[in-house]
Amino acid sequence: RSSDLRSSRPSHTSEGNAPAPRTPMDTHAVQRKHGGPLDLRRFHISEDYGFILKNPLSELPSYYGPWMEIATQLTPLIETHQLRAKINQMPLLDVQNLTGHRELRLAHLALSAMTMGYVWQEGDEETIKVLPRNLAVPYCEISQLLGLPPILVHADLVLANWKKKDPHGPLEIENLDTIISFPGGENLKGFILVTFLVELAAIPGIKAIAQAVNAVLEHHDESLAEALRGITTSIGHMKEALSEMHNYVDPEIFYTVIRIFLAGWKNNTAMPDGLIYEGVSEKPMEYSGGSAAESTVLNALDKLLGVQHSKQSHAFLHGMRDYMPPCHRAFLEEIGMSPPLRGYITSSGNRKLRTAYNDCVAALVDLRTYHITIVSKYISVAGRNAKAKRDQLNGPGRSEEH
């Protein structure tokens, strides 16, 4: 498992008896163009919203009522142990009636959350081996259309799971709410929306990444220095946004309630054989739970700045690309194919550029170090505290019963 608030990566995508995908009307396919400037619009990255899905839908057509009725009631259904029975009775619906990218994204979010609830309804003691056909088949077909794996990902939980309370109000946490939720209440909402705010804070940095790439292509040192300063400032704002986690998320609730619904079924002792997606593959498939590394932002910064990771970390981070929307993966590839920034600055001999670059790297190191302290608080320390409480309840000399 990674040192993240959530977890890790997929092993393979749906195959076998998977339904043949229809030609999607809007899956944000990206056609690469060689030689031209890096244009965010080519990768469906918004000037105002970055990687966040702009104005996500909160309702699907009435035909999909059976999905949304369950998806919007996950918390009470899980807490009363009724979710599995409710999903088992759900009709098998045809995804052909979904039109447009936003409907597909909401459907993926809803079915992802339902899947996590179905698997983990009874915690890690009474897991299941098979995801029923009426959920697995449409879920995997929608996943194929979007180029995403059939498990809850950052692009679902954070990027497409937000709405304004007041449509004319600001993009601030007091005016934001989630579309789909599960056990964890206000703490889960805080976890999702603080992560959303980090993505929001990254937007000027994303635009500056494109500016930096183009400045190198055009040998425009002043524009490059400006871009690097913009990236440094944006990273600082990302850290400020992340610090709000302390104000909105209780470590004990995150560890004991929320965390299980973000776990996957790869390298997980609670589900050692993975999960069979009935009607899609007769063999179990393995996917790991969510990870901050699924966010394209940090990957893009690493790519631009030429950050080198250990062999193991590099493999993990590269695997995380399979959890990103295809257009965001293509953005990373485009940065990787651009002339290396570090080499350009080194050969330029420009002291101002070197300082601006070093400031960027220092800010990124500072952000990652701060993220590690968050992980420690919400996973390592919270885990030790939870174990101490269990031991105290069991009393001295008694072993914990399961």
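Student: How many aromatic pairs does a search of the whole structure find?

Tutor: Keep in mind that we are looking at a predicted model. Ring centres have to lie within 6.5 Å to pair. Searching the whole structure on that basis, the count of aromatic pairs is 10.

Student: Let's take Trp 162 and Phe 196. Is that pair stacked, edge-to-face or tilted?

Tutor: The ring centres of Trp 162 and Phe 196 are 5.1 Å apart, and their planes meet at 40°. Planes under 30 degrees apart would be stacked and those over 60 edge-to-face, with the rest in a third class. At 40°, therefore, the pair is tilted.

Student: How many residues apart in sequence are the parts that this pair ties together?

Tutor: Trp 162 belongs to the loop between H6 and strand E2, while Phe 196 is part of helix H7. The pair therefore ties together parts whose separation in sequence is 34 residues.

Student: Are Trp 162 and Phe 196 buried or exposed?

Tutor: The cut-off for burial is under 20% relative accessible area. Trp 162 comes in at 3% relative accessibility, and Phe 196 at 0%. So Trp 162 counts as buried, and Phe 196 is likewise buried.

Student: Helix H7 also holds Phe 191. Which residue forms an aromatic pair with Phe 191?

Tutor: This pair is tilted, at 5.2 Å centre to centre with 50° between the planes. The partner sits in helix H11, 63 residues from Phe 191, and both residues are buried. The partner is Phe 254.

Student: Which residues do ring pairs link into a cluster?

Tutor: Here you can look for phenylalanine rings joined by ring pairs. The cluster consists of Phe 43, Phe 51 and Phe 331.

Student: Which ring does the charged end of Arg 259 sit over?

Tutor: A charge sitting over a ring must be within 6 Å of the ring centre. The charged end of Arg 259 is 3.8 Å from the centre of its ring. That ring belongs to Tyr 255.

Student: Back to H6 for a moment. Which side chain does a polar contact join to that of His 154?

Tutor: His 154 lies in helix H6 and counts as buried because its relative accessibility is 3%. Its side chain has a polar contact of 2.8 Å, and the partner is Glu 199.

Student: What distance separates the C-alpha atoms of Leu 145 and Leu 104?

Tutor: Leu 145 is in helix H5, and at 4% relative accessibility it counts as buried. Leu 104 is 41 residues away along the chain, and the C-alpha separation is 8.1 Å.

Technical notes
Residues numbered from 1 in each chain as written. Predicted model: local features only at pLDDT ≥ 70, side-chain atom pairs only at ≥ 80, totals over all residues. Heavy atoms only, no water. Helix = DSSP H or I, 4+ residues; strand = E, 2+ residues; numbered from the N terminus. Buried < 20%, exposed > 50% of the residue type's maximum accessible area, 1.4 Å probe, protein only. Polar contact = N/O pair within 3.5 Å; in protein donor to acceptor, adjacent residues only side chain to side chain. Phe/Tyr/Trp six-rings, centres within 6.5 Å; stacked < 30°, edge-to-face > 60°. Lys NZ or Arg CZ within 6 Å of the ring centre and 35° of its normal.
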